[in-house]
Amino acid sequence: MSTKTPGKELHSGFCNWKRALNAFREHEKSSSHSSSMICWHSFKTTRNQGDVVEQLRSASAAEISERRQYLHRILAVTSFLGKQGIPFRGHDEQESTSHNQGNFLECMKLLKTFDPFLKNYSPVSHATYLSHFSQNEMITSISHEITGNIVKEIKETKMYSVMADEARDGHTEQLAVCVRFVSCKGHVKECFLGLRKLERFDAQCITDTIEELLQYHTLSDLFCVAQSYDGASVMSGPVGGVQARFRQRHPEAVYVHCYAHELNLVLCHTCKAIPAASDFFGLLENVYTFFNTSLVNHTKFKELQKDLGLFASELVQLSNTRWACQVNSIKALLNNISAVLATLEATNTPIAKGILSKLSKPKTVYMLIMFSQLLGITEGLHRYLQGERLDMGKAVEYKMSVVDTLCKLRTEAAAEEIFEKAMDICGSYNIQIPQGARHKQKRLEGFVLESSCGATPNLTSSAEFRYEIFFPCLDRMLQELADRFSGAGQKIMEGIQACNPSSPTFLSEDALKPIAAHYHVTIKPEELVVAKNFMKRKMEKEDICDITTAFHLLDEDMFPTLKVIFRIALTIPVSSCSCERSFSALRRLHMWLRRTMGQERLNDLAILSIEKEYLDNVDPENVTDSPCILKQP
């Protein structure tokens with residue numbers, strides 16, 4: 001029996017481990033071991049991170065999420081610039097050569113300074129979404145989202161009215177179309193639908209353009225209850241005008257002549273009928289032109305205004321389309337008459353002397369006081385007619401209140417009060433009433449006198465001012481107010497008044513029948529009786545002053561037919577001022593620096609600028625998922 005020493009055993013074990021280690025090293029170099037290790041690592045990775053498909057999906061989802069966040073920031077900048085009506089592009093947008101790349105790119109750079117996401121995000125070169133093509137597509141997507149939300153609300157309410165007006169834009173004619181409806185929550189809304197370039201200016205072209213826009217927004221098949229335009233013959237013509245052609249396609253759409261235009265026409269026709277009034281407003285325009293076209297005259301006026309201790313203010317220019325400008329122009333001249341007269345006296349020019357001679361007449365001062373009072377009475381009605389959520393019943397009620405106030409003013413006492421105020425001003429500035437016989441005009445035998453030659457009779461007493469100026473102007477205004485504001489027809493107007501809680505015919509069956517028959521609504525007598533008792537009980541507890549308040553109280557299940565009639569009464573427009581407001585936005589957007597802008601971009605930017613409420617509620621996800629954005633790489 002052999003016995004191994006511990007040293008030999010240790011050496012033998014070491015050799016065995018060495019041979020095994022060499023064998024392992026040889027095995028590690030083999031292809032079978034390499035493939036086995038790859039499979040093992042893949043197995044561990046799959047358990048921890050999922051399989052290849054899942055990893056690709058995760059990477060794709062992360063990329064999509066980042067790109068959507070990036071697009072949301074572009075949308076925010078686009079919405080901000082569109083809401084404020086600010087230009088997007090710059091003259092030179094090259095980063096290497098320009099220090100001002102335009103508002104859009106500069107806003108993105110500013111946002112990147114403070115936004116951690118934009119600091120760390122690097123978009124791929126072919127999908128930066130910063131080019132002007134991408135800008136147009138983003139603007140269009142937001143515009144479509146806004147108009148889509150408007151159309152959705154109209155379809156829920158199932159009825160609307162249309163308003164349109166045209167205005168010149170450079171060398172083109174733009175047609176603005178707005179819609180009025182009552183939302184499901186009972187709010188009266190007037191929304192801008194779009195701008196369209198008119199190829200021709202005839203009634204057929206305008207009607208086709210309105211109809212094409214309604215069809216584009218899938219509104220042409222809905223119930224159109226009314227249409228409102230200005231009084232131009234091409235729009236209001238009862239045979240060949242736009243309103244007549246539009247009713248051929250929408251028979252129930254009654255025509256409403258814009259009440260704001262009607263009110264302005266009252267003054268225009270008063271001036272045409274009363275020569276003294278026409279000369280007076282012509283003088284106001286001459287005074288404004290004298291002080292605002294010459295910097296020397298304006299500076300001298302401001303210095304004298306300061307020396308006389310007057311509040312710093314400017315004279316106001318007249319406007320052919322805005323009633324308030326006439327009132328403001330008269331008030332501005334009355335407040336600054338001392339500075340105006342002093343400036344004219346200090347200016348030694350023929351024009352200044354001519355204006356001073358006309359302004360320093362008692363008749364001119366008398367008309368300043370008279371029109372300040374007359375137009376001041378109608379000023380509130382003008383402001384009301386500029387609103388969006390007014391109703392026809394309330395407008396007629398306010399108009400009748402103005403007429404009653406003017407009628408009560410037609411007294412000798414009121415005329416004497418105006419005369420005394422005018423004489424006080426004349427005494428303050430040493431303006432004397434002419435004495436002696438009135439100027440006799442020469443007879444021109446065999447001639448036709450088409451205009452005055454400047455010779456007018458001198459008015460020397462209160463009675464002459466009253467009968468020559470005050471009563472003729474007041475009577476003409478009352479006549480114009482009585483003849484105008486006809487609304488949508490007598491029977492329809494009576495039906496609208498029957499929806500007004502302050503009207504004596506409120507919920508009268510006889511008054512409601514014509515409007516119900518016109519719009520194919522069947523009134524149920526039992527429902528009407530219950531509604532009368534219900535409203536009577538409500539009026540005992542709370543103030544119900546207008547159609548909107550009464551409409552909110554009527555339950556659709558309890559009073560279905562009355563709810564429809566009240567909705568129609570609120571949907572019928574009073575004016576087309578919303579269209580005119582869109583032209584104000586057009587002037588801001590399409591200024592001379594942006595004349596190269598295309599019609600589609602102009603229309604979309606106008607929607608963003610006008611419909612700010614809808615713009616604030618735009619869902620970024622809907623815009624990001626729109627076809628215009630998804631088609632980009």
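Where is Trp-592 found? Trp-592 sits in the loop between helix 25 (577-589) and helix 26 (599-610), where helices are DSSP runs of H or I of at least four residues, numbered from the N terminus.

Before I continue, a word on conventions. The model is predicted, so local features need pLDDT of at least 70 and side-chain atom pairs count only at pLDDT 80 or more, while totals for chains, interfaces and linings use all residues. Residues are numbered from 1 along each chain as its sequence is written, and side-chain values use heavy atoms, with hydrogens and water left out.

Trp-592 counts as exposed because its relative accessibility is 70%; exposed means over 50% relative accessible area, buried under 20%, and partly exposed in between, with a 1.4 Å probe and protein chains only. Together with Met-591 and Leu-593, Trp-592 makes a nonpolar surface patch of about 380 Å². Such patches consist of residues with over 30% relative accessible area and no salt bridge, with nonpolar side chains (Val, Leu, Ile, Met, Phe, Trp, Tyr) joined within 5 Å and like charges within 9 Å. The areas come from the Shrake-Rupley method with a 1.4 Å probe, and for residues only the protein chains shown count as cover.

Ser-143, in helix 6 (residues 132-157), is buried, because its relative accessibility is 1%. Leaving aside neighbours within four places in sequence, Ser-143 is in contact with Asp-604, Ile-607 and Leu-608, contact meaning heavy atoms within 4.5 Å.

I turn to salt bridges, each defined as a side-chain nitrogen of Lys or Arg within 4 Å of a carboxyl oxygen of Asp or Glu. The count comes to 21. One of them pairs Glu-63 with Arg-67, at 3.9 Å from N to O. These two residues are 4 residues apart in helix 3 (residues 52-84), and therefore separated by about one helical turn. Glu-63 is partly exposed at 46%, whereas Arg-67 is buried at 18%.

A further salt bridge joins Arg-68 and Glu-621, whose closest N and O atoms are 2.4 Å apart. This pair links distant parts of the chain, with Arg-68 in helix 3 and Glu-621 in helix 28 (residues 620-624), 553 residues apart.

Lys-331 and Glu-379 also form a salt bridge, at 3.1 Å from N to O. Lys-331 belongs to helix 13 (residues 323-335) and Glu-379 to helix 16 (residues 362-385), so the pair ties together parts 48 residues apart in sequence. Lys-331 is partly exposed at 32%, and Glu-379 is buried at 15%.
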